[in-house]
Structure formats: structure tokens, C-alpha cells
Amino acid sequence: VDAILREGFEGIPVKVSLSEVDYPEGTSRPAKEGTVTVSLSTPAGELTYNAAYKKPGLFDVVIPAEELEPGTYTVMITATIPGGAMPTTTSTHVYLR
């Protein structure tokens, strides 16, 4: 993922799709509730943001631009569903120039 810091840049938009999966059937459906956190590793430490529920299966948050300098960052997303299994975590890298 590549993002460009420019005037008027509000931040990095993060959209997360979250599904509930029935086991062992393997059927899935958009999650109607849950908690999604987005963590950004920076040289000064880790910043954490709570994503907002938008509609079944969709959560989003914007990592504010004022907290970012040009460089490479690791973004980690953790999602949990009440009564669900262990939290799920995924990560990606973002390069800002």
C-alpha cells in the first residue's frame, strides 16, 4: 500500500471487512457486531485506534495525518466478535512519502 503525504491529506483510511464463520459448516455472514482495533507502529511507539461499525461486516477508521512522518509503517488490525473464537489479527506495511 502506498500513500502520499500532501497538503489536505487527512490520513490513512482503513476499512475492515469482518465476517462470522460457522464451524464446522464453513458458512459465513457479515458480522453484526464486534470490536476492531488498528495499531500503527511508529519510531515513537505504538498508536492504537478503534474502528467504527458502519454496517454489518464493515468497520473503518482514519489514521490522522498529523501523527505521521514520511517513512514505512506496520499497520496491525485485530478483530473480535462477542462469543466468537480467538481474536483475528492481520498486518500490512504502509509507505508514506
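Guide: Asp 60 and Lys 54 meet through their side chains in a salt bridge, at 3.8 Å from N to O, a salt bridge being a side-chain nitrogen of Lys or Arg within 4 Å of a carboxyl oxygen of Asp or Glu. This is a predicted model, in which local features need pLDDT of at least 70 and side-chain atom pairs count only at pLDDT 80 or more, while totals for chains, interfaces and linings use all residues. Residues are numbered from 1 along each chain as its sequence is written, and side-chain values use heavy atoms, with hydrogens and water left out.

Asp 60 also forms a salt bridge with Lys 15, where the closest N and O atoms are 3.7 Å apart. That pair links distant parts of the chain, since Asp 60 lies in strand β8 (residues 58-64) and Lys 15 in strand β2 (residues 11-17), 45 residues apart; strands here are DSSP runs of E, at least two residues long, numbered from the N terminus.

As for accessibility, Asp 60 is buried, with a relative accessible area of 18%, whereas Lys 15 is exposed at 61%; buried means under 20% relative accessible area, exposed over 50%, and partly exposed in between, with a 1.4 Å probe and protein chains only.

A search of the whole structure finds three salt bridges, among them one in which the side chains of Arg 29 and Glu 20 meet at 3.9 Å, N to O. Arg 29 counts as partly exposed at 37% relative accessibility, and Glu 20 likewise counts as partly exposed, at 23%.

Note on methods:
Helix = DSSP H or I, 4+ residues; strand = E, 2+ residues; numbered from the N terminus.
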